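Keep the structure open while you read.

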Amino acid sequence: MPVFKNEMKTMKTHILISGAGPVGLVSALKLSLAGFKVTVFESAPELNMDLRASTFHPPTLDMMASFGLTDDLISQGLIARYTQQRDRQEGVVAEFDMELLKGETQFPFRLQCEQWKLTQLIKKQLDKNPDVQILFNAKLESVSQDGTQVQAKVKVSDEIQVFSGAYLIGADGAWSSVRTSLGIEFEGFTYPERFLVISTTFPFENHLPKLSYVNYCSDPVEWCVLLKVPSLWRVLFPTKVDESDESVMSDESVQSRLQHLLPQPQAYSADHRTLYKIHQRVAKTFRNQRVFLAGDAAHINNPLGGMGMNGGVHDAMNLCEKLIDVVNHHKDASILDRYERQRRTIAIEYINSNTARNKKMLEERDPAARLKSQQELRAIADNPQSAKQYLRKTSMLDALERAESIL
Ligand SMILES: Cc1cc2nc3c(=O)[nH]c(=O)nc-3n(C[C@H](O)[C@H](O)[C@H](O)COP(=O)(O)OP(=O)(O)OC[C@H]3O[C@@H](n4cnc5c(N)ncnc54)[C@H](O)[C@@H]3O)c2cc1C
């Protein structure tokens, strides 16, 4: 008997996704290209345009190339061939050439590009697919499930609606309603200090010798990170624990931090400034029957190393490949448990531990410990073999290989 187009439509497996951030949208794209019907709920009225992640690591670029997105991202970003560990007083401590990763990835560099450019590009592709629906002003309130379906109660504008699907991906960020609705603990801690990110058009590259696009600058008093995106420099500083939000965000404190970094006769332009609470947390479980957590909903970490969005995208790819295997290739549903075994291990052993270590190294106060870590970094950078190993770790290639080794 012939199968008609509308019948085929109803046969498609329906996946619900909470959150239209990078992780939700990468999931939507991967699943829709595999023939799934996808509904994405986004509580905000439009895609988020905040300046958050600015670094795409090589394996993430490899993954996005499978969707034909990487060339567009590169055309809107900056290729950072080098990354630097610096000392605020002494300048460059160690420089790493990412070209050492040639042969390990199609893109041996970091791409400095705002995360909203990725979500905008993906949305353009999704909008062409009639099987994908992105609902804005749609806040997931709760989740329930039985043996065959998941139900999501969603407030769409002011009306509560219930959606059913075969599976649901909670990609609704750090405050995930999916996670809360299922009572999944978010284990870990919140740092007492907050991070201030100031964006400025000031051309630091013309004033600080040998600056790269990605610079981690240690200092016993006030470390910082200097990151370039196409239109701006973004400077990240820690704040003092007892400094009020109001004081940190004031013109006076912003100017004083920048002037202390590099004294200038004129005031700095500092159009965007954002203050973040920083956490190291991992959800107790990434799977509850037909519901999965991915990205910030599953794990959050400090931004030192640029691993949050990248790690979340790696979660999305891992999970969606398994859902495709189960639904399209009739693999046993038990393979879905491997998602948690692989990605939760990476979140703990790799993402959280490396970002915490990066912070510790930047803020180290003990002169002997600082000297030791600087000597170690120099020795690593001076030897191409150890530099390559270091870059495999910092660019998350090792994490993906480790995940693959987990059965
Ligand atoms: C200053 C800073 C710098 C960073 N730099 C980097 C970097 O260089 N590299 C990197 O990899 N990462 C970086 N990160 C981390 C990165 O921004 C996050 O890890 C990333 O945004 C996580 O993506 P996500 O899709 O999981 O969550 P989000 O981007 O938070 O998206 C979640 C979406 O879900 C929506 N939502 C929330 N609740 C609901 C609900 N109940 N119903 C429906 N929708 C809902 C939200 O509106 C949002 O759009 C940085 C973060 C900060 C703060």
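## The sheet

Three strands form an open sheet in the order β9-β10-β11, and their pairing is antiparallel. Strands here are DSSP runs of E with at least two residues, helices are DSSP runs of H or I with at least four, and both are numbered from the N terminus. Two strands pair if DSSP finds at least two bridges between them. The edges are β9 (138–145) and β11 (159–165), each of which pairs on one side only. On average, neighbouring strands of this sheet are turned by 25° against each other, direction ignored.

This is a predicted model: local features need pLDDT of at least 70, side-chain atom pairs count only at pLDDT 80 or more, and totals for chains, interfaces and linings use all residues. Residues are numbered from 1 along each chain as its sequence is written.

Strand β10 (residues 150–156) runs antiparallel to β11, and 7 bridges join them. The two strands form a hairpin with 2 residues between them. In the turn, S157 has a positive phi of about 50°. Two facing pairs are listed here.

| Residue | Opposite it in β11 |
|---|---|
| V150 | G165 |

## The ligand shell

There are 35 residues around the ligand, and G19, G21, G173, G295 and G308 come nearest. A residue counts as near if its C-beta atom, placed from the backbone, lies within 6 Å. The elements giving two or more residues to this shell are α2 (22–33), β9 and α9 (308–328). The largest share, 4 residues, comes from α9.

By class, the shell has 14 nonpolar, 16 polar and 5 charged residues. Ala, Val, Leu, Ile, Met, Phe, Trp, Tyr, Cys and Pro count as nonpolar; Asp, Glu, Lys and Arg count as charged; the others, Gly among them, count as polar.

## The helix pair

α9 also packs against helix α10 (residues 336–363), at an angle of about 170° and with the axes 9 Å apart. Axes are lines fitted to C-alpha atoms, for helices over the stretch in contact, and angles run from 0 to 180 degrees between N-to-C directions. α9 and α10 are therefore roughly antiparallel to each other (the term applies to angles over 145 degrees).

Which residues of α9 meet α10? They are G311, D315, N318, L319, K322 and V326. Among their partners in α10 are L336, Y339 and I346. Contact requires C-beta atoms, placed from the backbone, within 7 Å. By class, this contact of α9 with α10 has 7 nonpolar, 3 polar and 4 charged residues.

Notes:
Angles under 35 degrees count as roughly parallel, over 145 as roughly antiparallel, 65 to 115 as roughly perpendicular and the rest as oblique. Two residues are in contact if their C-beta atoms, placed from the backbone, lie within 7 Å.
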